[in-house]
Amino acid sequence: MSDAFAFTIDGVEVPARPGQTIMEAADAAGIYIPRLCDHEGLRHQGGCRVCTVKAGGRSVAACTQPAAPGLTVDSETLHIQAMRRDLVEMLFHEGNHLCPICEASGNCELQAMAYRLGMTEPTRFPWLEPCRPVDASHPDIALDTNRCISCGRCIRASQDVDGKGVFGYVGRGIHRRVAVNGPDLAHTDAAVTDFAMSDEVCPVGCILRKGVGFSVPIGERDFDHKLIGQDIEDRHK
Amino acid sequence: MTGARKLRIATVSLAGCFGCHMALLDMDELLIGLMEKVEFDRSPLTDMKTFTRRADVGIIEGGCCNEENVHVLQDFRRNCDVLVALGQCAIMGGLPAMRNAIMHSDDPLRECLEEAYISGPYIRNTTHHVPNDPVLPLVLDRVYASSEVVRIDHQIPGCAPSGRLIHDTLVSLLAGRFHGFDPHSIRFD
């Protein structure tokens, strides 16, 4: 295509088309930029900022920032890696993320991101330990909002893919949460067959499908065998 | 013995399940090679309840849920050059810390103890009292990760960490060339 152009990520030349974001072009080139709120098939949001890169010296979210001809993007620098690790660590501290008791452990993208980013140093942040509700009203689905990281993937999946709007944001700033559009999940038109309820949409163990919890044992799950993002990196090997 | 002295390791299980100590033994035959380089001082493995001399490495399993845990952890900090938090309970409170997030009433500790000893549906406690013998350590208001109580130098994540991970980390720590974990080896479960 004649209007295709190139830019660089960490010194590697990456081809792109007009309208592609930095992340889309990076994914296609087999370069993984860590992300939590972005998911293939969903509209980009730029909310979690884990995908922050330096583009032309400015900090931008790679999932929403359009690629531009000749743009110089820094992604895997020590500084950016440390900031991403701190961001993910703060997400752990903001909710109640007890991996040993969570049925999503091993399939959890937050946990897998902590593995990939090497979140193993003694922490410097306080534990907020919020008191959040569990909504098990629906016959097929349970919501443990203690684990919600407010990425909004379920909101976009429900609105854009399912055409339902089961979830939405409420509140502002630190109080912003994902909420159910009704008194509880049983009083919405949520169904376990919704894309929003599928195991790929919720990155953590908040949206749980009842009755399948440990059908795959701990130790044999997605991120027990490969790092998060490895499938993207393997695309061009 | 020729060459340098054996390095001394002390271990303790605070608010943990002893699973991390089991994982320590789960090194299998690697333990033989390790024991050529180290000796254990205060530890449940030696049944020594106090330090006989300063230890090079102190290994902490579990967080702090009562005042005795805090005193023991402070004793370890005083008597060990390097403190290693072993497993998720020492690192972030682990399973005992589940009580932190559910205890948001005006008198959460009392409610917790009353449900555990008096009002719970499956309780058979003929005294109808929460145990309060003076020898029982006082339960803390919440469960604290070890790094909230003393300075922790290194962490080995896992629930429990594998014997291989503990071995490799200890060996590189003792040799002074520990530079973090291979991301493939990190587990929080």
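Mentor: We may, and please keep in mind that this is a predicted model. In chain A, strand β3 (residues 52–55) pairs with β4(A) in the antiparallel sense, over 4 bridges.

Trainee: Which residue of β4(A) is the bridge partner of Val53(A)?

Mentor: The partner of Val53(A) is Val60(A).

Trainee: How is the pairing in the open sheet of chain B described, and what is the order of its strands?

Mentor: The open sheet of chain B also deserves a strand-by-strand reading. Its 5 strands have the order β2-β1-β3-β5-β7, and their pairing is parallel. At the edges stand β2 (38–40) and β7 (154–156) of chain B; each has a single partner strand, so one side of each is left without a neighbour in the sheet. Neighbouring strands are turned against each other by 30 degrees on average, direction ignored. Within this sheet, β1 (residues 7–13) and β3 (residues 55–61) of chain B run parallel and are joined by 5 bridges. One example to locate is Ser13(B), whose bridge partner in β3(B) is Glu61(B).

Trainee: Which strands of chain B does helix α3 touch as it packs on the sheet?

Mentor: Helix α3 (residues 67–79) of chain B touches β1, β3 and β5 (80–86) of chain B, and its direction makes about 135 degrees with that of β5(B). Helix α7 (residues 163–174) of chain B packs on the sheet as well, touching β1, β2, β3, β5 and β7 of chain B. The direction of α7(B) makes about 160 degrees with that of β7(B).

Trainee: Which residues of helix α4 in chain A are buried?

Mentor: To judge burial, one counts neighbours: a residue is buried if 20 or more other C-beta atoms lie within 10 Å of its own. In α4 (residues 153–161) of chain A, the buried residues are Arg153(A), Cys154(A), Ile155(A), Arg156(A), Ala157(A) and Ser158(A). The buried residues of α4(A) pack against β8 (167–170), β9 (177–180) and β10 (207–209) of chain A. After the helix comes Gly163(A), with a positive phi near 65 degrees.

Trainee: How is chain A divided into domains?

Mentor: Chain A has domain 1 (5–76) and domain 2 (84–225). Their centres, taken over C-alpha atoms, are separated by 25 Å. In the contact between them, 11 residues of domain 1 of chain A meet 17 residues of domain 2 of chain A. On the domain 1 side, these residues divide into 6 nonpolar, 3 polar and 2 charged.

Trainee: Why may the overall dimensions of chain A be said to agree with a compact globule?

Mentor: With 237 residues, a compact globule would have a radius of gyration near 18 Å, and chain A agrees because its value is 18 Å. Buried residues make up 41% of the chain.

Technical notes. Residues numbered from 1 in each chain as written. Chains lettered and ligands numbered in written order. Predicted model: local features only at pLDDT ≥ 70, side-chain atom pairs only at ≥ 80, totals over all residues. Buried ≥ 20, exposed ≤ 12 C-beta atoms within 10 Å, placed from the backbone. Helix = DSSP H or I, 4+ residues; strand = E, 2+ residues; numbered from the N terminus. Contact = placed C-beta atoms within 7 Å. Pairing = 2+ DSSP bridges. Domains from an automatic or database assignment. Nonpolar A, V, L, I, M, F, W, Y, C, P; charged D, E, K, R; others polar. Rg over C-alpha atoms; globule rule 2.2 N^0.38 Å. Axes fitted to C-alpha atoms, helices over the stretch in contact; angles between N-to-C directions.
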